[in-house]
Each structure stands twice: as C-alpha cells, then as structure tokens.
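Please keep the model open while reading.

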Amino acid sequence: MLKTESKDSKKPYDMAYNGHTSTLKALLEQDNQLYKRPDENDRLLLHWAALGGHEDIVTHLISLGSPIDHEDDMKFTPLILAATSGRDKIVKILLNEGANVEARNFGGHSALQYAASKNWKAVLVLLLAKGADVNVADKRGATPLHRAASKGNAEIVRLLLEEDNIVIDKQDAYGNTPLHLACEEERLDEAALLIKAGASLTVKNKEEKTPLDFCKTRAVAQRLQAIADERDEEKESSSK
C-alpha cells in the first residue's frame with residue numbers, strides 16, 4: 001500500500017526544504033516532537049533542510065536534538081543528501097556535529113561517492129579531511145575513483161590520486177578498473193592522469209578486456225600506451 005500524507009502534514013517538510021525559517025521555527029515551538037517525526041519516506045526535517053542547503057534550519061534542528069544520522073526509506077542520511085546536492089556548508093556542519101562519514105544508502109553509495117560522481121570538489125575535500133574511505137565500494141564494486149573517471153571529473157580524479165592509500169587498479173564487480181571506464185567513456189584527460197599515477201594498461205576485466213581494448217580508435221590506444229611507456233621510462237631512469 002502506498003503511503004499517503006495530507007497536504008497540511010507535508011508543509012513543515014516543504015518549509016525545511018525551501019528555507020522558510022521563521023515559520024518553521026514557530027511550528028517547532030508549537031509541536032516539540034515535530035523535529036523527530038518522519039514523513040512518508042522516513043525523512044526528517046533535517047533531511048529536507050540539508051538537501052535544500054539551509055544552514056540556519058539545520059543548525060536549529062540539531063540544537064533541538066534531531067537525530068543526525070537518521071536514515072530514510074532508502075537509507076539516505078542528511079549527510080548523504082547534502083553531498084548529493086553539493087551543499088558543502090551543510091556537509092561541514094553535519095561532519096562537525098559527528099555525522100557518520102561512512103554511511104551508505106541501499107545502493108552502497110556513500111557521501112564521498114556522490115561527491116566524486118557529481119564533481120562537488122568542496123564537498124569531497126571536506127569528506128576526505130574527515131577520513132572518508134577513499135576506496136569505498138558500492139554494491140557493484142565501484143569506488144569514488146571509478147565514478148570520477150567515468151564521469152570525466154578530472155579535478156576529482158587528481159584529488160583522489162593524491163590520497164596515500166588510494167587503490168588505483170581496484171576492480172568493480174565486472175572486473176573493470178577506473179582506467180577501463182575512463183577509456184570506455186573516452187575520458188582521455190582522466191585516463192592520462194590515471195596512467196601517470198601508475199594505473200595498469202594490462203589488467204583484464206571479466207570479459208578478458210584490457211583498458212586499451214575499450215578505446216574507440218587505435219590512435220587513442222597508442223597515445224595512452226605512449227604515456228605509459230614514458231612513465232615507465234622515467235621510473236626506470238630514476239631508479240638507476
């Protein structure tokens with residue numbers, strides 16, 4: 001059976017999302033349980049305020065005691081929602097209040113994965129500074145590096161590669177590395193970054209294909225191979 005709510009019962013959540021601070025505060029004073037009452041999708045006012053990017057409402061709800069890591073019916077926490085929408089100021093507030101940086105939704109997606117996928121640099125930097133797992137994998141085995149490489153988010157790829165414990169050639173459920181996906185999506189700048197950082201051109205996925213097998217043209221494959229050759233030559237020269 002589908003969950004239904006009256007128009008009036010939805011109003012507070014709309015207010016939280018749209019930033020109607022004074023009106024919402026008045027309602028909260030009238031009903032001291034409102035801040036912890038979920039809507040039809042198990043979202044609290046804090047979820048909606050975080051998604052809408054309203055610092056004053058978020059701060060007020062936290063001061064009232066709103067559960068900071070409450071999960072909605074798809075296991076989205078306020079932090080994950082703030083990250084999906086690029087609300088870096090909200091992300092900072094939630095992290096400083098102790099929000100779980102490793103929380104994941106039903107798909108296994110963390111806040112860091114959404115920041116990497118959607119190219120939210122400021123959010124990504126905040127999450128990494130709080131110790132977010134740079135190699136976190138979703139239910140299909142994809143890491144933030146997989147997502148950033150496939151989307152063509154070069155600056156995100158660069159930031160992730162700067163992390164000491166990054167696993168460059170981590171394979172997803174299909175055996176693809178971030179370089180496989182970069183080549184498949186013709187993300188040449190991202191592919192070059194990965195190769196220069198040490199990504200393998202010979203690792204095979206479950207279909208026995210290497211990253212270069214995904215290149216659309218021989219010229220692109222040759223270009224990427226040349227970058228790898230130059231990398232290896234420099235490494236060999238520096239070791240002498």
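**The pocket**

The largest pocket is lined by Ser-117, Asp-138, Arg-140, Ala-142, His-146, Arg-147, Ser-150, Lys-151, Asp-172, Tyr-174 and Leu-181. This is a predicted model. The volume of the largest pocket is about 220 Å³. Helix α9 (residues 144–151) supplies the largest share of the lining, four residues. By class, the lining holds five charged, three polar and three nonpolar residues.

Thr-77 sits in the loop between α4 (55–64) and α5 (78–84). Ala-103 sits in the loop between α6 (88–96) and α7 (111–118). Along the chain, Ala-103 and Thr-77 are 26 residues apart, yet their C-alpha atoms are separated by 7.3 Å.

Is Thr-77 buried or exposed? Its relative accessible area is 1%, under the 20% cut-off, so Thr-77 is buried. Ala-103 has 8% relative accessibility, so Ala-103 also counts as buried.

Not counting residues up to four places away in sequence, Thr-77 touches His-47, Asp-69, His-70, Glu-71 and Ala-103. With the neighbours within four places left aside, Ala-103 is in contact with Thr-77, Ile-80, His-109, Ser-110 and Ala-111.

**Salt bridges**

Side chains of opposite charge can pair when their charged atoms come close. How many salt bridges are there? The count comes to seven.

| Pair | N to O distance |
|---|---|
| Arg-37 and Asp-31 | 2.7 Å |
| Glu-155 and Lys-121 | 3.6 Å |
| Glu-208 and Lys-204 | 3.9 Å |

Take Glu-155 and Lys-121, which form a salt bridge. Glu-155 lies in helix α10 (residues 154–161) and Lys-121 in helix α8 (residues 121–129), so the pair ties together parts that are 34 residues apart in sequence. Glu-155 is partly exposed, at 31% relative accessible area. Lys-121 is partly exposed, at 42%. Lys-121 and Glu-155 also belong to a network of salt bridges with Arg-158.

Now the pair of Arg-37 and Asp-31. Arg-37 has a relative accessible area of 36% and is partly exposed. Asp-31, at 23% relative accessibility, counts as partly exposed.

In the last pair, Glu-208 is exposed, with a relative accessible area of 52%.

Key
Residues are numbered from 1 along each chain as its sequence is written. This is a predicted model: local features need pLDDT of at least 70, side-chain atom pairs count only at pLDDT 80 or more; totals for chains, interfaces and linings use all residues. Side-chain values use heavy atoms; hydrogens and water are left out. On a 1 Å grid over the protein atoms alone, a cavity is a set of points where a 1.4 Å probe fits but cannot get out, and a pocket is an open set with protein on both sides within 12 Å along at least five of seven lines; lining residues have an atom within 4 Å of a point. Grid points are joined across faces, edges and corners, and a volume is the space filled by probe spheres set on the points. Helices (H or I, at least four residues) and strands (E, at least two) are DSSP runs, numbered from the N terminus. Ala, Val, Leu, Ile, Met, Phe, Trp, Tyr, Cys and Pro count as nonpolar, Asp, Glu, Lys and Arg as charged, and the others, Gly among them, as polar. Buried means under 20% relative accessible area, exposed over 50%, partly exposed in between (1.4 Å probe, protein chains only). Contact means heavy atoms within 4.5 Å. A salt bridge is a side-chain nitrogen of Lys or Arg within 4 Å of a carboxyl oxygen of Asp or Glu.
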